[in-house]
Amino acid sequence: PGEFVKMKGIAKFDEYVGELMVSSLVGIKKIKDFTTTRMDTSFKKRVELHCHTKMSDSDGVSYAKDLIKRAHKWGMPAIAITDHWKYHGEDTIAGLRIFSGCEYNMGGSDTAEDVMHIVGVGMQRDPGLVRHQHTRQEVIDAINEAGGIAILAHPAWSLNTPAEAKA
């Protein structure tokens, strides 16, 4: 399972992202698991197409092997590991299909563009993209040329207006 931490800082709601954020962090320590074990008891299992590991800065808290074990335990037929700017190839482990994947985040504080995250799933090869060197359309085209499907991640906040989807 994942690791648990206790943090001390200032919690505030980030209106742009639409989530509670912790800033001015002054303390963090590892603590014991205080939760009950979560299980997927649904009859029809889902396929998770947007899943991060510890390889994604500040997004993932689990190792890939732990995500794969959990998906297998829950009876999922497949998952896609989509770390930021880190291509993961396709595989099958203990009957669980692992789709190739990667998440490409663009825009935001380092550019004049609005934030947009695009997930590439099912690519037959690494599209060879380099952070901060491609337009949104170039990322989509590279995913498609590698045999994958480009999906808008976080549709609730990735785009400010519907017109952004056409950019």
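Helices (H or I, at least four residues) and strands (E, at least two) are DSSP runs, numbered from the N terminus. The structure shown is a predicted model, in which local features need pLDDT of at least 70 and side-chain atom pairs count only at pLDDT 80 or more, while totals for chains, interfaces and linings use all residues. Residues are numbered from 1 along each chain as its sequence is written, and side-chain values use heavy atoms, with hydrogens and water left out.

**View 1. Overview of the protein chain, with two helices and nine strands.** Read from the N terminus, the elements follow the order β-β-β-α-β-β-β-β-β-α-β. Of the 167 residues in the protein chain, 34% are buried, where buried means under 20% relative accessible area, exposed over 50%, and partly exposed in between (1.4 Å probe, protein chains only). Among contacts (heavy atoms within 4.5 Å) with a separation of 6 or more, 47% join residues 24 or more positions apart.

**View 2. The open sheet of four strands in the order E3-E4-E6-E5, with mixed pairing.** Two strands count as paired if DSSP finds at least two bridges between them. E3 and strand E5 (91-93) stand at the edges with a single partner strand each, so one side of each is left without a neighbour in the sheet. Neighbouring strands are turned by 30 degrees against each other on average, direction ignored; axes here are lines fitted to C-alpha atoms, for helices over the stretch in contact, and angles run from 0 to 180 degrees between N-to-C directions. E3 pairs with strand E4 (residues 78-81) in the parallel sense over two bridges, and Cys51 has Ile81 in E4 as its bridge partner. H1 packs on the sheet, where it touches E3, E4, E5 and strand E6 (96-99), and its direction makes about 160 degrees with that of E4.

**View 3. Thr53, in the loop between strand E3 (48-51) and helix H1 (64-73).** Thr53 counts as buried because its relative accessibility is 3%. Leaving aside residues up to four places away in sequence, Thr53 touches Gly60, Ser62, Tyr63, Ala64, Leu67, Ile81 and Asp83.

**View 4. Strand E8 (residues 116-121), largely enclosed by the rest of the structure, since six of its six residues are buried.** Both faces are covered, with Met116, Ile118 and Gly120 buried on one side and His117, Val119 and Val121 buried on the other. Strand E7 (residues 101-106) pairs with E8 in the antiparallel sense over six bridges, and Gly101 has Val121 as its bridge partner in E8. E8 also pairs with strand E9 (residues 149-153), in the antiparallel sense over five bridges, where Ile118 stands opposite Leu152.
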